[in-house]
Amino acid sequence: MKISMISLCVVAGLVFGTAAFAQETETSVESEYMSSMDDLIITELANADERENKEVALQYLRDAAENGSVSPDMMMALEHLAGEGINTQSRMKGRVMNNFPDIRREACIILGQVGTEEAAVTLNKIVKTDNEPMVLSAAIHSLAEIGYNNNDEVSNAIAFYSNKFESMNPSSSLALEVVNAYEKLSGNIKDTKPVINSLQRIATDYHFVKPVRDRAQEVLNKMRSSSGGDKKKK
């Protein structure tokens, strides 16, 4: 009788275990299917011509970034939206039909929420290619939040392209984001010379409002003090 009871328990355990495994497998497959469907929907919405569809894609992507569940396909969609109208253009009779700066701006903000090195690389590309202050401000802000600056790649790009736009289209809001980015990246900058030169220009450029110039001077003083301290230590 004891043997029969043991056998019965083993069989029951196998049955329940198999059922649980089957349920877990089914749940996993269903979850993977739903994730694939989300990727497909977001990709289609991001690539659609209609602006409204892109806004819906951004909402999906914003939720995914907040939940920490951004997939490789979603990253591709974000990169597309962040550069659309600049890196990829749809023209009709010579006119760019897909130039939506506010869509690019929102994509840059979401990339900052993603916070990965891949996101930073995409944002750095935007700094080098876009020409809208609102988009550049968002890209620079997000880069500063991420903090990635391998071999001064980000700080040098910001310094070079901010100088370009200071000459062509000075914007106090963009200049402020540049200054704040320098401060946040300062602990991860090897060669501070391009950044210090940039801060000097902003601090003395009367195209910018006084609070921005003062802020640039404040960060400039901090960086000079820090550089001087480092030299003394050496």
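**View A. Asp205 lies in the loop between helix H9 (193-204) and helix H10 (210-233).** The model is predicted: local features need pLDDT of at least 70 and side-chain atom pairs pLDDT 80 or more, while totals for chains, interfaces and linings use all residues. Residues are numbered from 1 along each chain as its sequence is written, and side-chain values use heavy atoms, with hydrogens and water left out. Helices (H or I, at least four residues) and strands (E, at least two) are DSSP runs numbered from the N terminus. Asp205 has a relative accessibility of 16% and therefore counts as buried (under 20% relative accessible area; exposed is over 50% and partly exposed in between, with a 1.4 Å probe and protein chains only). The C-alpha atoms of Asp205 and Glu166 are 8.8 Å apart in space, although 39 residues separate Asp205 from Glu166 in sequence.

**View B. The protein as a whole comprises 10 helices and 2 strands.** Along the sequence, these elements follow the pattern α-α-α-β-β-α-α-α-α-α-α-α. Of the 234 residues in the protein, 38% are buried. Contacts (heavy atoms within 4.5 Å) between residues at least 6 apart in sequence join residues at least 24 apart in 65% of cases.

**View C. Helix H5 (residues 117-129) packs with helix H7 (residues 153-168).** The two helices meet at an angle of about 20°, and their axes are 9 Å apart. Axes are lines fitted to C-alpha atoms, for helices over the stretch in contact, and angles run from 0 to 180 degrees between N-to-C directions. H5 and H7 are therefore roughly parallel to each other (angles under 35 degrees; over 145 is roughly antiparallel, 65 to 115 roughly perpendicular and the rest oblique). The crossing of H5 over H7 is left-handed, that is, the near helix is turned anticlockwise from the far one by less than a right angle. On the H5 side, the contact is made by Asn124, Val127 and Lys128; on the H7 side, by Glu153, Val154, Ala157, Ile158 and Tyr161. These contact residues comprise 5 nonpolar, 1 polar and 2 charged (Ala, Val, Leu, Ile, Met, Phe, Trp, Tyr, Cys and Pro count as nonpolar, Asp, Glu, Lys and Arg as charged, and the others, Gly among them, as polar).

**View D. H5 also packs with helix H6 (residues 133-146).** Here the angle is about 150°, with the axes 9 Å apart. H5 passes H6 in a left-handed crossing. Ala119, Ala120, Leu123, Asn124, Ile126 and Val127 of H5 meet Val135, Leu136, Ala139, Ile140, Ser142, Leu143 and Ile146 of H6. The residues of this contact are 11 nonpolar and 2 polar, with no charged residue.

View E. Most residues other than glycine have a negative phi. Asn151, however, has a positive phi of about 55°, and Asp152 has a positive phi of about 60°. Asn151 is exposed, with a relative accessible area of 54%, whereas Asp152 is buried at 5%.

**View F. Helix H8 (residues 172-185) packs with H9 at an angle of about 145°.** The axes of H8 and H9 are 11 Å apart, and H8 passes H9 in a left-handed crossing. Ala175, Val178, Val179 and Tyr182 of H8 make the contact with Val195, Ser198, Leu199 and Ile202 of H9. The contact residues divide into 7 nonpolar and 1 polar, with no charged residue.

**View G. The largest nonpolar core contains 59 residues.** A core is a set of buried Ala, Val, Leu, Ile, Met, Phe, Trp, Tyr and Cys residues joined through side-chain atoms within 4.5 Å. The residues with the most contacts inside the largest core are Leu61, Leu78, Leu81, Cys108, Ile158, Leu199 and Ile202. Beyond residues up to four places away in sequence, Leu78 touches Leu61, Ala107, Ile110, Leu111 and Val114.

**View H. Asp73 is placed in helix H3 (residues 72-83).** Asp73 is partly exposed, with a relative accessible area of 36%. Neighbours within four places in sequence aside, Asp73 is in contact with Asp39 and Thr43. Thr43 and Asp73 are 30 residues apart in sequence, and their C-alpha atoms are 7.3 Å apart in space.
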